[in-house]
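Could you walk me through this structure in the viewer, one selection at a time? I would like to know what to click on next and what I will find there.

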Amino acid sequence: MRVRLARSADAEAVNELLGQLGYPQDDRAATADRLQAWFDDPASAAYIAETDDESLGVIAVHVCPFFERKGAWGRITALVVSDRARGYGVGSRLVEAAESFAAGHGCVRMEVTSNDRRPDAHRFYERRGYTGQAGISSRFLHDLPSCRG
């Protein structure tokens with residue numbers, strides 16, 4: 001298995017992986033555009049884990065500067081391991097790549113959110129030293145209206 005930066009040519013594999021996570025994708029070109037944007041953004045990276053035969057997983061990480069103090073933190077915005085590859089260290093290798101990218105960009109902390117319906121994912125992160133924040137902080141979302149020019 002190897003882990004490498006994702007490219008727009010990986011759109012089909014990424015779509016399949018995101019579908020397994022419950023986020024079905026139907027526009028290969030849109031995914032390719034998003035992958036290219038992540039590739040072009042120096043504060044972001046997406047990695048693919050693969051063998052010669054198949055894509056095993058994908059992770060995306062973004063560097064965010066702290067506002068209240070010096071430094072930055074890394075945020076894992078997506079992590080998917082193929083159903084066929086779970087339990088073989090793929091997720092760990094992808095998280096290592098994301099953490100390495102973040103550390104290389106001055107990050108002193110990592111963050112990831114995980115749906116409450118995914119207790120296996122929560123245990124995965126906890127085994128890697130991530131601490132749950134349930135009951136300590138809350139997440140609030142607000143959709144913005146689309147801007148049409």
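Select Leu5 to begin; this residue sits in strand 1. The model you are looking at is a predicted one. With a relative accessible area of 40%, Leu5 is partly exposed. Now show what surrounds Leu5: setting aside neighbours within four places in sequence, its contacts are Asp10, Phe39, Ala45, Ala46 and Tyr47.

Which residue forms a salt bridge with Arg2? The partner is Asp52, and the closest N and O atoms of the pair are 3.0 Å apart.

For another pair, select Arg84 and Glu54, whose closest N and O atoms are 3.0 Å apart in a salt bridge. Distant parts of the chain are linked here: Arg84 is in the loop between strand 4 and helix 3 (90-104), and Glu54, 30 residues away, is in the loop between strand 2 and strand 3. Glu54 is partly exposed, with a relative accessible area of 30%. Before moving on, show Arg2, Arg4, Asp10, Glu50 and Asp52 together, as salt bridges with shared partners join them into one network. The count of salt bridges in the model comes to nine.

**Stop three: helix 1**

Now select residues 11-20, which make up helix 1, and highlight Ala11, Val14, Asn15, Leu17 and Leu18, which are buried. Turn the view until you look down the axis of helix 1: the buried residues fall within an arc of 165°, so they line one face of the helix. What do the buried residues of helix 1 pack against? Show helix 2 (28-40), strand 2 (44-50), strand 3 (55-65) and strand 4 (72-81), and you have the answer. Just past the end of helix 1, click on Gly22, where phi is positive at about 100°.

**Stop four: where helix 1 meets helix 2**

Keep helix 1 and helix 2 on screen. Their axes are 9 Å apart, and they pack at an angle of about 100°. That makes helix 1 roughly perpendicular to helix 2. To see the contact itself, show Ala11, Glu12, Val14 and Asn15 from helix 1 with Arg28, Thr31, Ala32 and Leu35 from helix 2. Sorted by class, this contact has four nonpolar, two polar and two charged residues.

Zoom in on Thr31, in helix 2. Thr31 is buried, at a relative accessible area of 2%. Apart from neighbours within four places in sequence, Thr31 touches Ala11, Val14, Asn15 and Gln25.

**Stop five: strand 4**

For the last stop, select Ile76, in strand 4. Its relative accessible area is 2%, so Ile76 is buried. Leaving out neighbours within four places in sequence, the contacts of Ile76 are Ile59, Ala60, Val61, Val95, Ala98, Met110, Glu111, Val112 and Tyr130. If you draw a line from the C-alpha atom of Ile76 to that of Glu54, 22 residues away along the chain, it spans 23 Å.

Finish on Trp73, which also has its place in strand 4. With neighbours within four places in sequence set aside, Trp73 contacts His62, Val63, Cys64, Pro65, Phe66, Cys107, Arg109 and Glu111.

Notes
Residues are numbered from 1 along each chain as its sequence is written. This is a predicted model: local features need pLDDT of at least 70, side-chain atom pairs count only at pLDDT 80 or more; totals for chains, interfaces and linings use all residues. Side-chain values use heavy atoms; hydrogens and water are left out. Buried means under 20% relative accessible area, exposed over 50%, partly exposed in between (1.4 Å probe, protein chains only). Helices (H or I, at least four residues) and strands (E, at least two) are DSSP runs, numbered from the N terminus. The arc is that of the directions from the helix axis to the C-beta atoms. Contact means heavy atoms within 4.5 Å. A salt bridge is a side-chain nitrogen of Lys or Arg within 4 Å of a carboxyl oxygen of Asp or Glu. Axes are lines fitted to C-alpha atoms, for helices over the stretch in contact, and angles run from 0 to 180 degrees between N-to-C directions. Angles under 35 degrees count as roughly parallel, over 145 as roughly antiparallel, 65 to 115 as roughly perpendicular and the rest as oblique. Ala, Val, Leu, Ile, Met, Phe, Trp, Tyr, Cys and Pro count as nonpolar, Asp, Glu, Lys and Arg as charged, and the others, Gly among them, as polar.
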